[in-house]
Amino acid sequence: MKKTENENPIFLDSEKLFGIAINNYLNKNGANWKILKSEYRFCYLDFVLINLNNLYSVYLEYKERNYSYGYTHYNTLFISLRKYGAIKRHYNNCYIVWDFSLQQKNDDQFYYIKYDEQLFNTFEKDRNKNRLLIPSKFCKTGFENLMTEMIDAIPNCNFI
């Protein structure tokens with residue numbers, strides 16, 4: 001008999017764990033947000049968070065990563081040029097996350113950056129590998145910092 005995800009909920013992938021962590025943060029802080037996970041495996045982004053008071057939406061792309069070859073830090077992170085194009089055209093209010101913290105058990109190894117068209121236009125494109133290279137010096141760190149920037153800073157009322 002083939003087991004499905006619902007029959008064995010113990011094995012969760014990193015995206016689901018990340019979604020649960022966000023949901024726990026939202027519940028703990030009484031925020032009126034809803035998080036939705038893309039059901040399409042090849043969707044360009046993984047999550048949308050919607051403020052239920054004013055329908056303000058934030059998109060998230062989550063990448064769990066491990067360091068290779070003994071590295072403990074990378075000077076450059078990346079996303080595919082295809083994903084970059086989708087974000088640029090359709091998902092402007094987007095955060096991109098690279099999570100090395102699961103391997104390192106260190107919240108400083110949780111990197112994120114908010115999409116900014118002017119900034120991203122300055123980043124190098126590696127056309128051979130189809131990647132947008134993002135210098136890690138432009139990234140911020142920490143899950144709590146991401147939540148504060150992304151959710152707590154947005155008012156739970158109309159903007160006007």
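Student: Which helices and strands do the buried residues of α2 pack against?
Tutor: Keep in mind that this is a predicted model, where local features need pLDDT of at least 70, side-chain atom pairs count only at pLDDT 80 or more, and totals for chains, interfaces and linings use all residues. Residues are numbered from 1 along each chain as its sequence is written, and side-chain values use heavy atoms, with hydrogens and water left out. Packing goes by contact (heavy atoms within 4.5 Å). The partners of the buried residues of α2 are β3 (57–64), β4 (76–80), β5 (94–99), α4 (117–121), β7 and β8.

Student: And which residues of α2 are the buried ones?
Tutor: Helix α2 covers residues 81–90. Buried means under 20% relative accessible area, exposed over 50%, and partly exposed in between (1.4 Å probe, protein chains only). In α2, the buried residues are L81, K83, Y84, G85, A86 and I87.

Student: How many helices and strands are there, and in what pattern?
Tutor: Helices (H or I, at least four residues) and strands (E, at least two) are DSSP runs, numbered from the N terminus. The chain comes to 5 helices and 9 strands. Following the sequence, you get α-β-β-β-β-α-β-α-β-α-β-β-β-α.

Student: What share of the contacts joins residues 24 or more positions apart?
Tutor: For some background, the chain has 160 residues, and 38% of them are buried. Now take the contacts with a separation of 6 or more. Among these, the share from residues 24 or more positions apart is 59%.

Student: What does L102 touch?
Tutor: You'll find L102 in helix α3 (residues 101–104), and it's partly exposed because its relative accessibility is 35%. Leaving out residues up to four places away in sequence, L102 touches S14, Y62 and E64.

Student: How about K140: which residues does it touch?
Tutor: K140 sits in strand β9 (residues 140–141). With a relative accessible area of 45%, K140 counts as partly exposed. Its C-alpha is separated by 6.3 Å from that of I113, which is 27 residues away along the chain. Not counting residues up to four places away in sequence, K140 touches F110, Y111, Y112 and E149.

Student: What is the phi of L55?
Tutor: Most residues other than glycine have a negative phi. L55 isn't a glycine, yet its phi is positive, near 60°.

Student: Which loop holds N130?
Tutor: N130 isn't a glycine either, and its phi is positive too, at about 60°. Because its relative accessible area is 37%, N130 is partly exposed. The loop that holds N130 is the one between β7 and β8.

Student: What is the relative accessible area of R127?
Tutor: R127 is also in a loop, the one between β7 (125–126) and β8 (131–135). R127 counts as exposed because its relative accessible area is 62%.
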